Amino acid sequence: EQQLAQHVDMKQEEIKAQIERDVQTNFKNEAVTLTSNTPPFDELDDYKYIFDNVSAGIWMRASMDGPFIYTSKGLEAILGIPTNTLYDNQEAWFELVQQNYIEDVVNAKKRVVSGEKQQIFYGIHCPDGTEKWLLEQIIPRKDKHGHVSNVFGLVLDLTREVSLENE
C-alpha cells in the first residue's frame, strides 16, 4: 500500500501542480496561452472541458463544508452518484465513506480548514454496492490575509491498483 501511495503521489503531485496553476490563473481572469501560435483558452469552458474529460475527479467548494462550486464528470464516475446530488446534498459524498475511515476523513477536513494541504486514502461504498478505494488530495486556497477562501481537490480511484496489490 505504501509503494502504491508513493507512486501515485508522484503522479498526483504533477497533476496537482498543473491544476493549482490553472485554477489560480482562471480565478485571476487572465488569458492562458499555450504557445505563441495557440489562441488563448476561453477559460471557463476550456477548463471545464479538460476537467470533465480526465479520469480523475476534480472538485471545488466555497469552504470545506460549504457548497460545491464545481464537480467534474470524473468525480461522478468515481463516486457513482450524479454531480447534481453533490450540489443538492453536501453530505452525499461523506455518506459513502466506509465507517472505519470516517475519523480519518473528519480529521483531514479539520486540517484543511486550518489551511493545511491533505492527502488521504480511504474506502467508499458506492450506491450500486461496489467498494472503491480513493486517494484524495485536498488543497485549501488562501486569500491575501492567509484565510482559506476556497478548497479544491483531486480524487483518484485506486480500486484496480489495490486489487492487484492484494492478489
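The chain exposes about 9700 Å², of which carbon and sulfur atoms supply 50%, with accessible areas taken from the Shrake-Rupley method with a 1.4 Å probe, only the protein chains shown counting as cover for residues. This is a predicted model, in which local features need pLDDT of at least 70 and side-chain atom pairs count only at pLDDT 80 or more, while totals for chains, interfaces and linings use all residues. Residues are numbered from 1 along each chain as its sequence is written, and side-chain values use heavy atoms, with hydrogens and water left out.

**Confidence**

- The average pLDDT of the chain is 80, and 68% of the residues score at least 70, pLDDT being the predictor's confidence in each residue, from 0 to 100.
- Over residues 26–39 the pLDDT is below 50, and this stretch has 18 contacts in the model beyond near neighbours in sequence, a contact meaning heavy atoms within 4.5 Å.

**Overall make-up**

- The chain has 6 helices and 5 strands, which follow the pattern α-α-β-β-α-α-α-β-β-β-α along the sequence; helices (H or I, at least four residues) and strands (E, at least two) are DSSP runs, numbered from the N terminus.
- Of the 167 residues in the chain, 43% are buried, that is, under 20% relative accessible area with a 1.4 Å probe and protein chains only.
- Among contacts between residues at least 6 apart in sequence, 44% join residues at least 24 apart.

**The sheet**

- The 5 strands form an open sheet in the order S2-S1-S5-S4-S3 with antiparallel pairing, where two strands pair if DSSP finds at least two bridges between them.
- Strand S2 (68–71) and strand S3 (118–125) are the edge strands, each pairing on one side only, and the twist averages 20° from one strand to the next.
- Strand S5 (residues 148–157) is mostly covered, with 7 of its 10 residues buried; S5 pairs in the antiparallel sense with strand S1 (residues 57–61) over 5 bridges and with strand S4 (residues 131–142) over 9 bridges.
- Val151 in S5 is the bridge partner of Arg61 and also of Pro140.
- The hairpin of S4 and S5 has 5 residues between the strands, and Gly146 there takes a positive phi near 85°.
- S1 and S2 pair in the antiparallel sense over 3 bridges, and Trp59 stands opposite Thr71 in S2.

**Helices against the sheet**

- Helix H5 (residues 102–113) lies across S3, S4 and S5 and runs at about 145° to S3, with axes fitted to C-alpha atoms, for helices over the stretch in contact, and angles running from 0 to 180 degrees between N-to-C directions.
- Helix H6 (residues 159–166) packs on the sheet, where it touches S3, S4 and S5, and its direction makes about 130° with that of S4.

Key:
Buried < 20%, exposed > 50% of the residue type's maximum accessible area, 1.4 Å probe, protein only.
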